[in-house]
Amino acid sequence: MSPKKLVRKKRARGKAEESTSSPESKKKNSTTMPIPVDAIFDDIPSDHTLALQVTIPGKRPFTVPADEPELIIGRESHCAVYLPVENVSREHARIIRNGETFTLEDLDSTNGTFVNNVRIVSCTLHQSDQIRIGQARITLVRINPS
Amino acid sequence: MTLATQAQSDRFYLTFWGTRGSISTPGTSTEKYGGNTPCVSVRFKNTEIILDAGTGIRNLGLHLARQIAREHKNKKLHLFLSHTHWDHIQGLPFFSPAYMPETKLAIYGSPKKESFLEAILSRQMDVNYFPVEMTALAADISIEEINDDILHLGDMDINWQEQVVHPGGSVRYSLAAAGKKIVYATDVELDKIIDGSERNDGPKLIEEYREFIHGADLLIADGQYTGTEYPDRVGYGHTSIPTLIGLANEENVKQLAVFHHDPLHSDTMLDKLWKNFAPQFASQEEPMNIFWAREGMTIAV
């Protein structure tokens, strides 16, 4: 292909763009119903929140929002994730939030902190990871605030 | 857990910084297990060892650089290379402590490379590949081929063995202290040794491997391919998962970290492999805990 031809092609494309780029011409050519753009933006959730879904045998499951820089998990009632069950140390583990990264750290617990059956010292968490502390099971889940 | 607490303990502390094989594989499908190529840090008391310098060493470097800046102390690090294929050395030019005068970095590799190890590492920092030459690094760097049978670093004994069934060869290491043993044996094609069709020394080599991993408290080992994939990858230098698990179980390994994940294996696939293999070995009479190594995980042994 000669350079001359290439230039001509570009010009032709440029013209075509000019003819359809104005909002007026688009309106004329459109055959579909107008879409209310604001509603689309409203429908897309931008405020995702992660939460810890906690399951303790014989008790009703509960959820703790993971929106603090640090969440302590343990048997003491002041713990953000309070686990009044056997084999859980007073302050057993903590979850540290750094932006969108959540790291689970064992706090030298007696019986250990497990992620997907691996006893960890610390571990970056991902959704659907199963944290096991004593008899409790904890999962990091995404929730959309209503 | 603070470093001071770790230094008092009689346990190894081990972190995975890169677990992917062959090429770094960032992306949404590899976030969980990670896309960085091999790098594992191991600490026992005050001795700090790094296994391989794949792209994962960059994040380890950032972590260590913060420590060095905070503590205002010199840092002695020992880097053991399994071999010098790209995925095991490519992170070294991005290792921040190598640019800090407070760092003393000893790099160990196979004596089979003879004087080539230094040349190989500096060549990847040739101006045609990288803007900073190796001679410009501010750290005190020594490159050593291992000659002794067993190295003693602090309270740690480091044993090593050549793994010949990988293109270009590779080395496996075992770290022992306080009655515990960790084995790092990546980049070896065990299936090919067992098959024996191309080598006469197969039985000897597999026996050596068995002895080396026997009774390990943690084995970090090459399990790149599924049993279905392996027949199409013969000669690539990597082991199939069923072969690795079978040998580890027969040699009473207590915990197995499957390592050097294939770049095509997504998080979902690795999760499925774990679910397929792990339960039966976790519930047997002498349990073996199997997991797929993942970036950002620290465990104590």
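Start with chain B and its contacts. Among those between residues at least 6 apart in sequence, 68% join residues at least 24 apart. A contact here puts the C-beta atoms of two residues, placed from the backbone, within 7 Å.

Before going on, note that this is a predicted model: local features need pLDDT of at least 70, side-chain atom pairs count only at pLDDT 80 or more, and totals for chains, interfaces and linings use all residues. Residues are numbered from 1 along each chain as its sequence is written, while chains are lettered from A and ligands numbered from 1 in the order in which they are written.

**Stop 1: chain B as a whole**

Show chain B as a C-alpha trace. Along its principal axes the trace spans about 50 × 45 × 45 Å. The radius of gyration, taken over C-alpha atoms, is 18 Å for chain B, close to the 19 Å that the globule rule gives for 301 residues, so chain B is as compact as a globular protein of that length. That rule is 2.2 Å times the number of residues to the power 0.38. Of the 301 residues of chain B, 49% count as buried. Buried means 20 or more other C-beta atoms within 10 Å of a residue's own, exposed means 12 or fewer, and partly exposed lies in between; C-beta atoms are placed from the backbone.

Switch to cartoon. Chain B has eight helices and 14 strands. These are DSSP runs numbered from the N terminus: H or I over at least four residues for helices, E over at least two for strands.

**Stop 2: the seven-strand sheet**

Select β7 to β13 of chain B. They form an open sheet of seven strands in the order β7-β8-β9-β10-β11-β12-β13, with mixed pairing. Pairing requires that DSSP find at least two bridges between two strands. Which strands stand at the edges? They are β7 (150–153) and β13 (289–292) of chain B, each with a single partner strand, so one side of each has no neighbour in the sheet. From one strand to the next, the twist averages 20°.

Zoom in on β7(B). Four bridges join it to β8 (residues 156–163) of chain B, and the two run antiparallel. Pick B:L153: its bridge partner in β8(B) is B:M156.

Axes are lines fitted to C-alpha atoms, for helices over the stretch in contact, and angles run from 0 to 180 degrees between N-to-C directions.

**Stop 3: where the chains meet**

Show both chains. The contact takes eleven residues from chain A and 13 residues from chain B. In chain A, β8 (118–120) and β9 (122–124) each supply at least two residues of the side that touches chain B.

Select β9(A) with β14 (residues 297–300) of chain B. Two bridges join these antiparallel strands. A:S122 has B:T298 as its bridge partner.

**Stop 4**

Select β3 (residues 70–74) and β4 of chain A. They pair in the parallel sense over two bridges. Here A:G74 has A:Y82 as its bridge partner.

Finish on A:E70, in strand β3 of chain A. Is A:E70 buried or exposed? With 10 C-beta neighbours inside 10 Å, A:E70 counts as exposed. Leaving aside neighbours within four places in sequence, A:E70 is in contact with A:R94 and A:I96.
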